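Thanks for coming. I will go through one chain today, starting with a few single residues and ending with the chain overall. Please have a look at the structure first.

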Amino acid sequence: MNPDLLVDGDERGELRSSVRRLLRDKAPLVALRDDPAFDRGLWRRLAELGLVGLAVPEKYGGLGQTAAETGVVFEEMGRALYRGPYLSCVGLAVPALLSSGDDAACAELLPAIVAGDCVATLAVSAGREGARNAETRAVAEDGGWLLTGTEPFVLDGADADLILVTAVSGGDPVSGDDRHSVTRHSRALEGRSLYAVRADAPGATRTPAESLDLARAVAAVTLDRAPARLIGTAGAAPPVVARALDTALVGLAMEQAGGASACLEMVVEYTKTRRQFDRVIGSFQAVAHKAVDMLRRVEFSRSAARYAAAALAEDDPEFPVAVRVAAAYCGDAFREVVAETVQLHGGIGFTWEHDTHLYYRRAWSSQQLLGPTDTHYAEVATRIGL
């Protein structure tokens, strides 16, 4: 593996600085408490800067970069708790389209996504481990497809213009009921095909759902004979969705590493200024030890996430294992770091006016977002042949 992918060179360093500055100025954390709505103007600005199409091939209007570059953006997005659909669009929908092998669909759909004119997401309800409602069906009619069913958990489903959905063609619905079974997870997608549905299509209804994470929007999507376009080959959704989920897990791990880093920075700043017994609390051994433990988790998270991103960038054979190791470790580490952040702030992190509770919400919800930790460990065991 190229070691340069594991560290910021000049170009990735400039990319990081630009994204951090833009999010600091245009997406401050206070906005999550005052008005957490999706800012399409900022999304188009991100697209103008090339951030939406970083890893999209140039023939589709993108920049042709790798997961190492998108990883920088994901890390900064996690650090700033960006409210927009970067994970759902760049992390899920775009990889699904690219993995589908459908050049015509990519040529038609990706340029608008890259330009920021179309926000896309992938309904992963049927593909998530433990999905209990994977009942969307597709029926061929008049040379096209009509989808009927409900996807109860769609990232940014209410904000998206295009929703990628997996569905079975006729027959009984397939569902996976055991959240700990990797085999069951695979069966939940058997025979499924990938379809693209316009959010404003007849028969498509989106219902925003309440989310623990104020910076992560979710919605239920109900389809009632909604017209759809087949993406790729019929019945070929399983490997496409599996690849998209692994790619999204890299982005999620980078977000978690960025969020943990932001929490550590808050703790360091607070413990340098908060005084007790005429001393700054950072000078107390117990506080210093906790801060060092947080630093260890942050650095290990960053290393695990960047290694997975580098493996994805080079299509390294270690990627299938590396991504699940990163997913398992970064989720645990972020949750532990943010819990310590609350404690080292003397509990004020639970107050509405403080930023810490925003990271606390993100840490707990992200750890379950694309599968719980034990599922990632089980998948590691399966992928190394245990």
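I start with Glu318, which sits in the loop between α9 (285-313) and α10. Helices here are DSSP runs of H or I with at least four residues, strands are runs of E with at least two, and both are numbered from the N terminus.

Before going on, a note on the source: this is a predicted model, in which local features need pLDDT of at least 70, side-chain atom pairs count only at pLDDT 80 or more, and totals for chains, interfaces and linings use all residues. Residues are numbered from 1 along each chain as its sequence is written, and side-chain values use heavy atoms, with hydrogens and water left out.

Buried means under 20% relative accessible area, exposed means over 50%, and partly exposed is in between, with a 1.4 Å probe and protein chains only. The side chain of Glu318 makes a polar contact of 2.4 Å with the side chain of Tyr307. A polar contact is a pair of N or O atoms within 3.5 Å; within protein, one must be able to donate a hydrogen and the other to accept it, and residues adjacent in sequence count only if both atoms are side-chain atoms.

Next is Arg324, in helix α10, residues 319-344. Arg324 has a relative accessible area of 4%, so it is buried. Its side chain has a polar contact of 3.4 Å with the side chain of Asp246.

Arg33 counts as buried because its relative accessibility is 16%. Which side chain does the side chain of Arg33 make a polar contact with? That is Asp355, at 2.8 Å. A polar atom of the Arg33 side chain also lies 3.4 Å from the backbone oxygen of Trp352. Leaving out residues up to four places away in sequence, Arg33 touches several residues, among them Glu353, His354 and Leu358; contact means heavy atoms within 4.5 Å.

Now the chain overall. How many helices and strands does the chain have? There are 12 helices and 9 strands. Buried residues make up 53% of the 386 residues. Of the contacts with a separation of 6 or more, 78% are between residues 24 or more positions apart. Finally, the C-alpha atoms fill a box of roughly 80 × 45 × 40 Å, taken along the principal axes.
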